[in-house]
Amino acid sequence: MPSYRAILPIGDIHPGHNPEEVMDSAVAAVSSIATVEHTDIQILSNVPQIVVRFSLEDDGDAHFVADAMADAVSRVATTGPGRLLLRR
């Protein structure tokens, strides 16, 4: 079963939300569609980014999962362009 990494840069937290909600919303969105394998927070060029590794039965749904994660997180914080990586 293929494994993917959805990576999303995070900006400012929207008023009324707290930083923990960023990862919580990402995991909730991904786990409703796929199996979450691991999460991480990284800093790249002074920009925090969340990483959610997940697995799927059907390769065709990976972009849908990454889009759902980005949509959920954008309700909590500003985000940059996401990336989706296939891990073999």
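**Fold, core and an aromatic pair**

In the protein chain, residues 24 or more positions apart account for 71% of the contacts (heavy atoms within 4.5 Å) with a separation of 6 or more. The model is predicted: local features need pLDDT of at least 70 and side-chain atom pairs count only at pLDDT 80 or more, whereas totals for chains, interfaces and linings use all residues. Residues are numbered from 1 along each chain as its sequence is written, and side-chain values use heavy atoms, with hydrogens and water left out.

The protein chain has two helices and five strands, taken as DSSP runs numbered from the N terminus (H or I, at least four residues, for helices; E, at least two, for strands). Their order along the sequence is β-α-β-β-α-β-β. The C-alpha trace spans about 40 × 25 × 20 Å along its principal axes. A compact globule of 88 residues would have a radius of gyration near 12 Å, and the 12 Å of the protein chain agrees with this; the radius is taken over C-alpha atoms, and the globule rule is 2.2 Å times the number of residues to the power 0.38.

Strands β2 (residues 35-44) and β3 pair in the antiparallel sense over nine bridges, where pairing requires that DSSP finds at least two bridges between two strands. Threonine 35 has serine 55 in β3 as its bridge partner. Two residues separate β2 and β3 in their hairpin, and serine 45 in the turn has a positive phi of about 55°.

Of the 88 residues, 35% count as buried, that is, under 20% relative accessible area with a 1.4 Å probe and protein chains only (exposed is over 50%, partly exposed in between). The largest nonpolar core has 20 residues, and those with the most contacts inside it are Ile50, Phe54, Met69 and Val73. Such a core is a set of buried Ala, Val, Leu, Ile, Met, Phe, Trp, Tyr and Cys residues joined through side-chain atoms within 4.5 Å. At least two of its residues come from each of β1 (3-13), α1 (20-31), β3 (47-55) and α2 (62-74), and the largest share, five residues, comes from α2. Beyond its neighbours within four places in sequence, valine 73 contacts Leu8, Ile10, Val22, Ser25, Ala26, Ile50 and Thr79.

A search of the whole structure finds one aromatic pair. Tyrosine 4 and phenylalanine 54 are stacked, at 5.6 Å centre to centre and 25° between the planes; rings of Phe, Tyr and Trp (its six-membered ring) pair if their centres lie within 6.5 Å, and planes under 30 degrees apart count as stacked, over 60 as edge-to-face and the rest as tilted. The pair links strand β1 to strand β3 across 50 residues. Phenylalanine 54 counts as buried because its relative accessibility is 0%.
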